[in-house]
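Colleague: I'm new to reading protein structures. Could you walk me through one, a feature at a time?

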Amino acid sequence: MKLLQLSPSELQQRLSGPGVWLRTGPFSLRVQSRIPSVAKGLVDLYGQFETRDSRHAFADFHVELNAPSTLRRWLRPQVDFSFDGSLPFKPLPLDQAYPMLEWGLNWCVSMHAHQYLIIHAAVVEKNGLAAILPAPPGSGKSTLTAGLVLSGWRLLSDELTLIDRLSGLIHPLPRPVSLKNQSIDVIRGFSLEAFINRASHDTAKGTVAHMRPPRESVRRQHEPARPGWVIFPKWTAGAETVLSPRSKAQTFMFLAQNAFNYSHLGTDGFRVGTTLIEHVDCYDFQYSQLPEAVAAFDRLAATPHDVD
Amino acid sequence: MTSIKSARTARSQDRVSAILRDPESLRRYSMADWDLLIRQARSSGLLARIRHVLAQHHLLERIPDVARWHFDAAATLADKQQLAVRWEVAQIQQALAGMAIPVVVLKGGAYVMADLPAAAGRLFNDIDILVPREQLNQVEAALMLAGWHPTGLSAYDQRYYRRWMHEIPPMQHMQRATVIDVHHAILPDTARYHPDSGKLRSRAVAVAGLPGIHVLAAEDRILHSATHLFHDGELPHGLRDLTDLDLLLRDAATAPEFWTHLCARAEELQLGRSLFYALRYVQYFLDTPVPDSAFAALQAAAPGRFTLALMDRVFTRVLAPSHASCADAYTPAARLAAYVRAHWLRMPAHLLIPHLFHKAFIRTEQDSEAPKPA
């Protein structure tokens, strides 16, 4: 059954009781929370995801978002993210409860799922090939990702590129796309189809909101994709749209440094990383206009792939 | 002395020690059991060790597909850590080479260096070494030159370590972020018991290929592990340390006269009480085969009936997986009791009371960020 088939009261009851069970890509979650904005966030953004009765199901990650049990809750309401009873983060203001769930889930995956080489990068797919978009914050990676998935590309993930260590394929984790500051309005202006939830202000990353993943991406969330490109986007005001080839060695070094668990995997991390680089084309990509950027990606997806 | 195995209730939710005692029991597991096992094992740091035990019993195929990655991922991490431990110990050896200082690697690091079964699937937080007290300053200076620096403790913690503890504040490597604990004894100077570090060193065994690096002799290794466990106030890895002891005991017990030697050595080092508790609770949690003769030999060091009944109530709780599913109404009280007891053993009242007062009420921001001397 899909989450949207639960009535709001049923969802609320589960969240504040035994928890809501969800499947996102290869992982199952159990979320517990008595905070209304968490329930609202799940209803708004996870409607298409599969849910089950959490009392009988196995879950990979058991997470809870609730107010810390200190006196402080009366002075300045806060929220704690609990990973099965342990608190990996300091509490945040209550208004940030929903983004904290998303950040916490990213942490769960990146700290534990060592069956994948996990690169800090967005990843989207078209015609069977995946484009990995690694980039430092502020490079317009999430904006570009949102623009692409609203234009027919499949969302695999906006933060965590999961490369299966055995097959080399990329496993989707199409959770909501995180948008910051101006990109929220850029995406609202880009497409009427975009559903973006209520923004949380004054977070460590500024104003943050999340975009609902496209229905088709969620429907195909168990379908892995072959790596095709590694593309480093860079948004620059007023810039021309330029796609330029980039050194594979440099790209490998960047990916290794930006993998969450490269060093945990030992020599296997090197093997998985070099195999990936052998099979992809590497580019730098500069843009200022989102529609032009999407068109450039579409042209790339339509041209025969150099490698392989 | 009666065993407390019979006290183990059928109601116990502790899946971790249950599966270590009887790996075949997973054949009866529901998905809810797997869910609970993985959560408890993760919070006890024992996922990789359980995977190792299941592999030994050819039971890996029995893990449901959706659950298997948790064990595999933990094993990946454990394998990487073993390599890292070997590398770090070699770095320590190089940093201290030429100083003719005997270095004894303790605990987990020693299990890896000596290729013991207790290394299998073990996760690490730091590397512990023991050096002679007279050479402590030299060692600290040499490690600093090699890139390890004292961690950012508060002035109070720094003073506390240097004045009263059996170790200097943890040192962290600038680039690799690995942490070394440098000890000059296995218990604080202020503790009730004073095992002679010279005696421990005199029987230490050299590690092949790393001149100057040693590990404790088999009996001493067990006694140190037991002492550490039953003098530690917070026991975040209580069950993991208990499984270390179980593996060390099973491995060493094949030697002739092992139990006689172990108990005699415990008495010689004033560690009989710790060994008594260790043997009692490995039996309780893990069915470790311990002969009655060992308990008889430790009779003089054993606690009285009342104390023992109390300790049973405390340790059967605090050594269980630190997971909500294993806690009952008395668990918080048991944890507090273990904390106070450990401090009571480690320092006399005129030091203990001001120390606990400081820890409870004068907690600075820095105190709560940095690793604390417990």
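Colleague: Let's start with chain B. How many helices and strands does chain B have?

Modeller: Chain B has 17 helices and seven strands. Keep in mind that this is a predicted model. Of the 374 residues in chain B, 42% are buried. Also, take the contacts in chain B between residues at least 6 apart in sequence: 71% of those join residues at least 24 apart.

Colleague: Okay, let's zoom in on one residue. Is B:A177 buried or exposed?

Modeller: B:A177 counts as exposed because it has 7 C-beta neighbours inside 10 Å. You'll find B:A177 in the loop between β4 (171–173) and β5 (179–183) of chain B. Its C-alpha atom is 9.9 Å from that of B:G147, and these two residues are 30 apart along the chain.

Colleague: What about backbone angles? What is phi of B:D115?

Modeller: The general idea first: most residues other than glycine have a negative phi. B:D115 isn't a glycine, yet its phi is positive, near 50 degrees. This residue is in the loop between α5 (107–113) and β2 (127–130) of chain B, and it counts as exposed because it has 10 C-beta neighbours inside 10 Å.

Modeller: B:D287 also has a positive phi, about 55 degrees, without being a glycine. B:D287 sits in the loop between α12 (272–286) and α13 (292–297) of chain B. With 15 C-beta neighbours inside 10 Å, B:D287 counts as partly exposed.

Colleague: Now chain A. In what order do the six strands of the open sheet come?

Modeller: Strands of a sheet pair through backbone hydrogen bonds, either parallel or antiparallel. In chain A, the order across the open sheet is β3-β1-β2-β4-β5-β6, and the pairing is mixed. At the edges are β3 (51–52) and β6 (92–93) of chain A, each of which pairs on one side only.

Colleague: Can you show me one pair up close? How many bridges join β2 to β4 of chain A?

Modeller: Five bridges join them, and the two strands, β2 (residues 27–33) and β4 (residues 61–66) of chain A, run parallel. To see one of the bridges, find A:V31 and look across to A:V63, its partner in β4(A).

Colleague: And antiparallel pairing? Which strand pairs that way with β8(A)?

Modeller: That's β7 (residues 116–126) of chain A, with six bridges to β8(A). One bridge joins A:A122 to A:L133 in β8(A). The two strands form a hairpin with two residues between them, and A:N127 in the turn has a positive phi of about 50 degrees. β8(A) also pairs with β15 (residues 226–235) of chain A, in the parallel sense, over four bridges. There, A:A130 stands opposite A:P227 of β15(A).

Colleague: How many residues of β8(A) are buried?

Modeller: Six of the six residues in β8 (residues 129–134) of chain A are buried. In a regular strand the side chains alternate between the two faces of the sheet. For β8(A), one side has A:L129, A:A131 and A:L133, the other has A:A130, A:I132 and A:P134, and both faces are covered.

Colleague: Last one: how is chain A divided into domains?

Modeller: Chain A has domain 1 (3–112) and domain 2 (116–302). Their contact takes 17 residues from domain 1 of chain A and 21 residues from domain 2 of chain A. On the domain 1 side, α4(A) gives the largest share, seven residues.

Definitions and conventions: Residues are numbered from 1 along each chain as its sequence is written. Chains are lettered from A and ligands numbered from 1 in the order in which they are written. This is a predicted model: local features need pLDDT of at least 70, side-chain atom pairs count only at pLDDT 80 or more; totals for chains, interfaces and linings use all residues. Two strands pair if DSSP finds at least two bridges between them. A residue is buried if 20 or more other C-beta atoms lie within 10 Å of its own, exposed if 12 or fewer, and partly exposed in between; C-beta atoms are placed from the backbone. Two residues are in contact if their C-beta atoms, placed from the backbone, lie within 7 Å. Domain bounds come from an automatic or database domain assignment.
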